[in-house]
Amino acid sequence: MNKRVLIADDEPNIVISLEFLMKREGHAVSVARDGPSALEAIRGTRPDLVLLDVMMPGMSGFEVCQAVRADEALAGVKILMLSAKGRDTDIAKGSAMGADAYMTKPFSTKELAEKVRELLSAA
Amino acid sequence: MLSAPLVLAASFAYLLMLFGVAHWADRRARAGRSVIGNAWVYTLSMGVYCTAWTYFGSIGRAASSGLWFLPIYLGPTLAMLLAGSLLRKMIRIARTYRITSIADFIASRYGKSRTLAALVTLIALVGILPYVALQLKAIASGLTVLTGTHGGSGPWWSDSTLYIALALAGFTVAFGTRHLDTSERHEGMVAAIAFESVVKLLAFLAIGMFVCWGLFDGPGDIFARAAAQPALSGLSGLGGESKFAGGQWFALTLLAMLSVIFLPRQFQVMVVENVDERHVQRATWAFPAYLLLINLFVLPIALGGLLHFGVGGADPETFVLSLPLANGQSLLALVAFIGGLSAATGMVIVEAIAVSTMVSNDLVMPLLLRLRHRASSDLSGVPLAVRRVVIVALLLLGYLYFRVAGEAYALVSIGLISFAAVAQFAPALLGGMYWKGGTRAGALAGLLAGFALWSWTLLLPSIAKSGWLAIGFLTDGPFGIALLRPEQLLGLSGLDSLTHALLWSLLANAGLYVAVSLARAPSAREATQALLFVDVFQRSAGAPVFWRGRARLAELQQLATRFLGAEPAQRLFADYARRAGLAGVERIAPDAQLVQHVETQLAGAIGSASARAVMASVVEEEPLAPEDILRMLDEASQVRALNRQLESLDRLKDDFMSSVTHELRTPLTSIRAFAELMRDDPEMATEQRQQFLGLVVGEAERLSRLVNQVLDMAKIESGHAEWRNDQIDLCELIAHAVQTTAEVFRERGAVVSVQQPESVPTLHADRDRLLQVLLNLLSNAAKFVPAGSGRVEVRLTVDARAAQVEVADNGPGVPVDQQQLVFEKFRQGGDAANRPQGTGLGLPISRQIVEHFGGRMWLRSEPGRGACFAFELPWTRQQEETGA
Amino acid sequence: MSERLRNQRLLALFAAGWGLLNFPLLTLWDRAGTLAGIPLLPLALFGGWALLIGLAAWVAEAPGDE
C-alpha cells in the first residue's frame, strides 16, 4: 500500500515516532505542527489519511476535523484522532465531529498500524 | 362507695379540662407561639406509654409475681439510651421524607410498597384492638369498685363504659381530625397528653404515699410485715422456680424495649409529633426517670393491699381504688380513678389517631383509588371522613371485644399480647434503617411469618381461653398433631406463653427477613430508598428528585384539588411559584421538581404509596435505570448542597487533573512508541536506534521532572508542603542563584548583571523555596533571550514594607493577551516548534511560593522590548497557616 | 462532647444496663436481708435503675460542641 499520510501533532517526538511508523508501513508522510497549517495541508495535498492530534495550538483537532468534514471536496480524507483524553464523552465527541477513528495516547504501535491499514483499505 | 353520677360527672369534667388544654394549645400554635416546642413537654408526651395497665395491671402482676412487673419499664429505659442515635435517625428520616405513620415508614423504605403498608396497618389494627379493650375494661372495673354499679355488664345501652367509649371517640375526632396537616402534627393532642402524664403521675404518687405512710409506717413497715407472712415473702424476690426465669425476664425486657418504639402511639408522639430533634437528648434520661417515679410505689401498694385485705380478699388490680375507699378516703379514690381514666384516655386518643391515619392512608385510600381512579371526583373530604369513621369504629370494636372476651382474661396478658404483635415490626424497620440489603420481599416474608406465628401462639390461645374456640387444639394440637401445639410449638416447653411466642415469632420473622432479602438483589427503587434511609445523616438538602418525565401543569393542579381541596391546592401552587420567584402560577414549569413537591404534599393526605400511584397516573414517567437513579442521587445531594464556589473549584480541579494526565501521557506516548518501534525492528540501524534511545531518555527525564513538579504543586496548594523557615540574606541568595545558572547563560552567550543595595535586612522564609523561585525566573529568562546578545538584569530593592526582586530580560517579551496566561498551569510561552524543555508548572509554583509568604508576583512586558518578572516579599506577613 | 462520643457512651450504658438489670447478675441480690427496711432485690433494682438514669442524664445533658 502506498498512501499519503499527514501527521498533525505539535509534539516533536511524537511526530518522529509516527513518521517512522508510517514510513515503515510504506506510506508517504507529511507533517503539520499546528491546527491552521494542518488544515491548510489537508486542503492542499489531499492526503488519504490524517493522524490528527486533538491538543494543538491555534486550532484544536476537533475544529480541524469539523472543518474538513464540512468541506465536500475533502470527503475522501480519512481522519484518525489521537488524544491523551480517553473519556467516553471525548470519544463520542470525536465521532460526532466526523472522525473515522479515535485512539488514546499512549497507543500501541501495533494497534495504530492495524487501524491505519483498516481505514486505508476501506477506500 | 361513691355515687355513680358523681363519678361520671367528675370524669366528664376531667375530659372537658383535657379538651380545654388541647384547644388552648392549638390556638397558641396557630398564633405561632407553640407550647409544645419544649423538651419537657416532649418527654411528658412519651408518658402515654403508661396506660391504665400501669395503674391496675402492674399492681395485679406485682401482687402475684412480685417484681415481674418491672421489665416492662426497664425495657423502655434501655431503649431510650439508644434514642440518641436510633430515635434521631427515625425522626430525621420521617421529617425528610414526610412520613406520617409506622406503616408509611416501613412501606416507604421498601420502595413505597402498598402491600407492605396494608400489611403493617392490619397487624397494627389487630394488635391494638385488645389493648383498647383493656383500657375500657380498666375503666369498667374501676367504675364497679368505685360505685358498686357493674360497669361492663348488663344491657349495653345502660353500660356507662359504652358512653365513656363514645365520649372518647368524640374527643379524639375533635382533636385528631380537624384538618389535614401534611405533617400530621397535632399540637393540641400533644399538649393534652403531656398534661395527663403529669396528672397520672401525681395521682399515683399520692396513692403510693397514702398507702405507705397513711396506712402503714412507711415502706419499711410494709416490707417487714410482708416478710413475716410466708405467702407474701417471696414477692420481694424473683421467685426463681422456673429454670427459664432468666430468659423470661430477658424476653419481657426485650419486648418492652421494642414496644416503646413500635406501638403506633409511641411512634406518633416520639417521631411524628417531634418538633425538634434536640429534644431527644432530654428525653433520653427524663423519660426513664418518669417511668421510675411512677413505678416507685407499685410494690408497696401491692403488698399493702395484700396485707390489708388478705390474699384473695380483693382484686389486686383495683387496689389503687379499693385501698383508699376501704379507709374512708373517698376523695383520694376519686383522684385515683381520674388518674386511671387519664391514663386510659391518653392511650386511646393517641392510638386511635395513629391507627386511623394508617388505615386511611394505607388501606382505604389505595382501595378507593384503585376502584375509582379514572373519576375526577373531588376526594378532598374523603381522608378526613375515613379517619373519623375509623376512630369511632375502633372504639366501638374495642368495646365489643371487651364485652365479649375481656372478662376471662386478666388485663396483664392482653397488654403483652399487643406488645408482641407490634414487636413484629422490629426486623423490617430496624433492618431497613441500618441494612441496605433489606428488600421488600424480605420484609413481607418476615412480617407474614411473624404475624402468623403470633396469631397461632398468642392470639388464638387467648381467644380459646376466653371460651370462644374449642380448647382442644390448645392441649392436643390441631388435628391432634402434638408438635404444633400453640403453646409448645415443636415441643419447646417450660416457657411461659409470652416468651415462647416471642421466641418463635421473632426468630421466624428475622430469619426470613434476612434470608429472603439475601435471596435476590434489591430492585432499583428499593436500592435508592435504602440509600435514602440508611444514609439519611450523610445527605443534606432534603429528598432528591426522582422523576424524569413530563406532566401538564393543569393536570397537577387538578390532582391537588382533588385530594387536598381547592383552597389548599391553590395555596400550594402559589407558594411554589413565589418561592421560585415566578410572576404567576401559570409560569411554573411542570418539571420533575414540581412533580416531586406535589407528590410530597399529597403523601401527607393519602400516604406516600397512594400518592406515588396517583402521580404515576398523570405523569408520563420515563423509566429510570439504577445507574440513572444513583447518578441523580449523586447530583442531587452533592451539587445542590455545595455552593457555586465549590462547584467552580471542582471544575478547576478537573481541568487541572485533565491537564496533568494529558501532560503525563504525552512523554509516555513517545517513550512507548519508540520502545515498540525498536522492539519490532531488530534490524534497525544503530544510528537510528541511538537517536530513538536518546529521545526516550529525554522524555523519561521530562516525565519525572513533571511528576515532581506536579507533586510539588499539589503539596503547596493543599497546604501539605513542608516549610523550613530561616533568616535569609537575599543578596547572598541571589548571588547563589546566579552562580548556579551561570553555565546556562554562558552557553547562550548571555550576560547577567545584578543590582542590589548595600545592606539588606534579613527575611524570614524558606531558603530552598525562594531559591527555587529565583532559579525558575532565571532559567525562563535564559530560555527566551536572543542567542548571543542576551542580557538579563536582576534587581533587588527594599523599602520599609517589603523586598522586591525583578528579573528582566531582553527577549521577545510576552504579548499582552498572554500575560495573565503565563501564570496558569501547563501554559508555556513561545511557539510549539521551538518550545524549550519545560513543564509549564514553574511559574505557577513560583507564584504559589511567593504568595505563601504573603507576597505577590507579576509580569511587566512590552512585546519586542523584553519581559520583566517581579515579586515582592513583605518583611512581616500575616500567616494563615505555617507548615513549619 | 462530640455527638459521636455521646452516642458511644450511651451505647455503653445500654450494654451495662442489660448486664446489670438482667439475670444472672440480678440473682446476686435475690437474698434475704434489708437495707433501711427495704429488701435487697427491690432496692438493687430501683437503685441500679436510678443510677443508670443518673449516668444517662450526665452524659445526655453535657454540652456538646456545636
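Helices (H or I, at least four residues) and strands (E, at least two) are DSSP runs, numbered from the N terminus. Keep that in mind as we go.

This is a predicted model: local features need pLDDT of at least 70, side-chain atom pairs count only at pLDDT 80 or more, and totals for chains, interfaces and linings use all residues. Residues are numbered from 1 along each chain as its sequence is written, and chains are lettered from A and ligands numbered from 1 in the order in which they are written.

Confidence first. For the complex, the predictor gives an ipTM of 0.93 and a pTM of 0.63. Then chain C. Its pLDDT, the predictor's confidence in each residue from 0 to 100, averages 83. In chain C, 94% of the residues score at least 70. Which element of chain C has the lowest mean pLDDT? Strand 1 of chain C, residues 34-35, at 76. The highest mean, 90, belongs to helix 2 of chain C, residues 40-61. A reminder for any model like this: where pLDDT is low, the predicted coordinates should not be read in detail.

Now chain A. Chain A has five helices and five strands. From the N terminus on, the order is β-α-β-α-β-α-β-α-β-α. Of the 123 residues in chain A, 46% are buried. Buried takes 20 or more other C-beta atoms within 10 Å of a residue's own; exposed is 12 or fewer, and partly exposed is in between, with C-beta atoms placed from the backbone.

Look at the sheet of chain A. It is open, with five strands in the order 2-1-3-4-5 and parallel pairing. Two strands pair if DSSP finds at least two bridges between them. Strand 2 (28-32) and strand 5 (101-104) of chain A stand at the edges. Each has a single partner strand, so one side of each has no neighbour in the sheet. On average, neighbouring strands of this sheet are turned by 20° against each other, direction ignored. Those axes are lines fitted to C-alpha atoms, for helices over the stretch in contact, and angles run from 0 to 180 degrees between N-to-C directions.

Zoom in on one pair. Strand 1 of chain A, residues 4-8, pairs with strand 2 of chain A in the parallel sense, over five bridges. A:A8 has A:A32, in strand 2 of chain A, as its bridge partner.

Two loops of chain A deserve a stop. A:R46 is in the loop between helix 2 (35-45) and strand 3 (49-53) of chain A. Its phi is near 45°, a positive value in a residue other than glycine. How many other C-beta atoms lie within 10 Å of A:R46? There are 13, so A:R46 is partly exposed. The peptide bond from A:K105 to A:P106 is cis, with omega near -10°.

On to chain B. Chain B comes to 35 helices and nine strands. Of its 884 residues, 48% count as buried. Contact means that two C-beta atoms, placed from the backbone, lie within 7 Å. Take the contacts in chain B between residues at least 6 apart in sequence: 80% join residues at least 24 apart. For chain A, that share is 58%.

Next, the cores. A nonpolar core is a set of buried Ala, Val, Leu, Ile, Met, Phe, Trp, Tyr and Cys residues joined through C-beta atoms within 7 Å. The largest has 230 residues, and B:I106, B:V120 and B:A420 have the most contacts inside it. Helix 17 of chain B, residues 330-371, gives the most to this core, with 23 residues. Not counting residues up to four places away in sequence, B:V120 touches B:I102, B:A103, B:I106, B:A107 and B:F425. Another core, of 41 residues, lies apart from it, with B:M713, B:A808, B:I845 and B:F871 among them.

Last, the interfaces of chain B. Chain B puts 18 residues in contact with 19 residues of chain A. Which helices of chain B give two or more residues to that side? Helix 30 (644-680) and helix 31 (686-718) of chain B. Helix 30 of chain B gives the most, with 14 residues. By type, this side of chain B has seven nonpolar, six polar and five charged residues. Here Ala, Val, Leu, Ile, Met, Phe, Trp, Tyr, Cys and Pro count as nonpolar, Asp, Glu, Lys and Arg as charged, and the others, Gly among them, as polar.

The contact with chain C takes 29 residues from chain B and 30 residues from chain C. Helix 14 of chain B gives the largest share of the chain B side, six residues. That side divides into 18 nonpolar, eleven polar and no charged residues.
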